[in-house]
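Hi,

Here is the structure I promised to pass on. Have a look at it first, and then read my notes below.

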Amino acid sequence: MIHSRGMIRAVRRCLPAWARAGRPLRSAAAAPNWAEFGRSLTEQAAGHRDEEDLFHDPELAILDEALDYVEEHGWTRAAISAGAQKLGYPPLSHGMFEKGDFALVRHAMRRATEAMASQLEAMPLEAMTGDERIIAGVRARLEHLAPFVSSGSWAKAMALGALPQHALDTSTELGVTVDELWYLAGDRSADASWYSRRGLLLGVFASTELYMLSDTSEGFSDTWEFLRRRVADVSLLGSRAGSAGDVAAAFGSGLSSLAGGAFSLARPFVEAQKGHHSEAVHSALGSLGSVAELFREAVADAAAGRAPGTSASRRTADEPAEAASGAGAAGGAQGEAAAPSDDARKRDSAPAGEGTGDEAGASDGAAADRA
Amino acid sequence: MCFRTPKALADSPDPSRKAKIDEIIRVDHAGETAAVRIYEGQMFVLGRNKETAETLEHMRMQEVEHLSDLDVLVADRRVRPSALLPVWEVAGFALGAVTAAMGKEAAMACTVAVEDVIGGHYNDQIRDLLARGWDEEELLALLKKNRDEELEHLETATELGAERAPLHAPLTQIIKTGCKAAIEVAKVI
């Protein structure tokens with residue numbers, strides 16, 4: 001049967017009024033302007049990065065564009081949709097991304113790592129010491145995301161990344177960042193020190209990133225000072241070829257920083273999603289937080305050669321308001337994530353004399369500020 | 001764990017290819033580390049006899065050469081080395097020392113068992129790479145060279161009396177099984 005406009009109109013006349021939606025059968029206005037559509041994509045591609053392949057991955061383009069909409073929409077599918085529409089794609093394009101909101105966060109992390117790599121490669125690395133290269137790399141990586149940090153949206157991004165369903169992806173991305181940074185800093189090791197170096201740098205990076213979230217100094221100068229001190233702390237350990245104990249300590253400090261950070265950052269999100277599982281999740285996160293605290297202290301004690309448990313008891317004596325339990329740290333750190341304070345930054349003067357434990361000083365100090 | 005499949009920013013258009021190459025290099029690197037330690041363990045016990053010491057030292061030096069070639073590959077191809085390297089080192093030394101303590105023939109039997117498994121393992125890898133048709137000339141050449149030298153060690157050890165070892169059959173079987181298990185573990189961890 002050949003359909004004609006006349007036949008279709010005849011059929012529609014038989015439909016009840018509610019079914020006769022005002023939608024026209026074919027509308028030139030609804031169809032996109034294909035010439036312009038293609039042109040806008042090509043222009044975008046040309047305008048983006050000239051050294052990239054001729055093959056233009058629409059996913060990358062959409063995510064790049066979506067980063068501009070994070071201020072408005074947050075790290076959500078709405079931002080991805082806005083970015084897609086800017087490029088001329090349909091708003092439903094966010095469906096391409098399985099991980100949804102997290103895809104945007106991960107893309108930001110990847111672009112930051114790429115920026116770090118290209119910045120480092122442009123530097124005179126032979127003239128710098130190993131520590132200086134590491135500091136430059138971490139700084140480059142964090143500076144790339146500084147606009148998001150200043151506006152407060154990076155804290156939400158980190159919290160998103162710390163959620164259990166995304167934690168593995170986040171740690172893979174961090175692993176890539178840390179591996180790339182060590183490679184560019186000149187590490188060509190192929191023994192156990194490969195692991196100890198990356199574990200230590202992971203701890204330094206995680207603690208610096210956390211510190212940066214509530215740093216209000218001019219150009220994040222306090223953060224770079226903190227970074228410098230942390231790298232100085234760990235450079236002593238990093239130079240030795242790792243024994244099993246060194247590797248365990250390095251990973252312990254790295255993981256406990258991450259766990260503590262993840263706990264403190266994810267807690268607001270978990271509370272926002274309070275529902276059927278809130279009780280179990282709360283207690284689980286609470287114990288995770290307290291375990292992370294105690295682990296961190298034990299590792300710091302071990303690194304400084306003291307008996308385990310010394311710093312915990314010492315801190316409880318000095319600052320009774322701040323408990324070694326996860327509740328206190330979490331409450332304080334939650335305040336840190338939610339409302340960046342403009343108090344003076346004295347956090348690294350907290351438990352003086354601790355070796356690698358100082359990298360945990362960020363959340364300890366922040367909690368003390370708010371206690 | 002964050003180091004499960006590290007992808008360097010360096011060109012890696014095909015993640016599964018990188019994963020496979022990483023696995024190959026990781027296992028071989030771990031294997032050569034253990035092999036160096038096995039010979040060191042044997043030299044520790046049997047080092048007093050000049051002739052034996054010379055043969056063992058020659059074989060050890062060849063393994064050290066293999067290991068340094070693989071070290072370069074680990075760094076260049078951005079491969080994550082095996083996390084159990086300290087374990088492989090200790091286990092290798094212990095294996096070498098214990099079998100050497102059972103006598104020179106037992107030490108040679110251990111060498112035969114290990115080199116047999118390693119030779120077969122290298123052959124499997126070469127076959128795998130050729131079957132996939134990837135352009136990996138340098139890696140293939142290295143694998144072939146290593147395999148040839150390992151099989152040389154096997155022949156040397158057989159000539160020096162491996163088959164005369166006490167409990168030759170069970171000893172060989174246990175060591176072969178252990179090596180195969182270690183290879184499977186080193187592929188992942």
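A quick word on terms before the notes: a residue is called buried here when its relative accessible area is under 20%. Keep in mind too that this is a predicted model.

With that cut-off, helix α3 of chain A (residues 58–66) has these buried residues: A:A61, A:I62, A:L63, A:D64, A:E65 and A:A66. At the start of that helix, the backbone nitrogen of A:E59 has a side-chain oxygen of A:D57 within 3.1 Å.

Stepping back to chain A as a whole, I get 17 helices and zero strands. The chain has 371 residues, and 47% of them count as buried. If you take the contacts in chain A with a separation of 6 or more, 70% are between residues 24 or more positions apart.

UniProt, in an unreviewed entry, lists residues 62–85 of chain A as "domain: Ubiquinone biosynthesis protein COQ9 HTH". In the model that stretch is 75% helix and 0% strand, with its end C-alpha atoms 9 Å apart.

Now the packing. The largest nonpolar core contains 62 residues, and those with the most contacts inside it are A:W75, A:L104, A:V105, A:I134, A:V138, A:W154 and A:L201. Helix α6 of chain A (residues 101–121) gives the largest share, ten residues. Domain 1 (58–97) and domain 2 (102–304) of chain A each supply at least three residues to this core. In soluble globular proteins, nonpolar side chains tend to be buried together.

What does A:L104 touch, leaving out residues up to four places away in sequence? The list is A:L63, A:A66, A:L67, A:V70, A:W75, A:T76, A:A79 and A:I80.

- A:R198 sits in helix α11 and counts as buried because its relative accessibility is 2%. Its side chain makes a polar contact of 2.9 Å with the side chain of A:D187.
- Helix α7 (residues 130–144) holds A:A136, which is buried at 14% relative accessibility. Beyond residues up to four places away in sequence, A:A136 touches A:L120, A:M123 and A:M128. From A:A136 to A:L125 is eleven residues in sequence and 9.8 Å in space, C-alpha to C-alpha.

On to chain B. Where does UniProt place the feature "binding site"? The unreviewed entry puts it at B:E32, B:E63, B:H66 and B:E150. These residues span 119 residues in sequence, yet no two of their C-alpha atoms are more than 10.3 Å apart, so they gather at one spot.

Is B:E32 buried or exposed? With 1% relative accessibility, B:E32 counts as buried, and its place is in helix α1 of chain B (residues 15–46). Neighbours within four places in sequence aside, B:E32 is in contact with B:E63, B:H66, B:L67, B:L70, B:Y122, B:N146 and B:E150.

B:H66 belongs to helix α2 of chain B (residues 50–76) and is buried, at a relative accessible area of 0%. Not counting residues up to four places away in sequence, B:H66 touches B:E32, B:K145, B:N146, B:E149 and B:E150.

Cheers

Terms used: Residues are numbered from 1 along each chain as its sequence is written. Chains are lettered from A and ligands numbered from 1 in the order in which they are written. This is a predicted model: local features need pLDDT of at least 70, side-chain atom pairs count only at pLDDT 80 or more; totals for chains, interfaces and linings use all residues. Side-chain values use heavy atoms; hydrogens and water are left out. UniProt positions are given in the numbering used here, feature names are shortened, and annotations may be inferred rather than shown by experiment. Helices (H or I, at least four residues) and strands (E, at least two) are DSSP runs, numbered from the N terminus. A nonpolar core is a set of buried Ala, Val, Leu, Ile, Met, Phe, Trp, Tyr and Cys residues joined through side-chain atoms within 4.5 Å. Buried means under 20% relative accessible area, exposed over 50%, partly exposed in between (1.4 Å probe, protein chains only). Domain bounds come from an automatic or database domain assignment. Contact means heavy atoms within 4.5 Å. A polar contact is a pair of N or O atoms within 3.5 Å; within protein, one must be able to donate a hydrogen and the other to accept it, and residues adjacent in sequence count only if both atoms are side-chain atoms.
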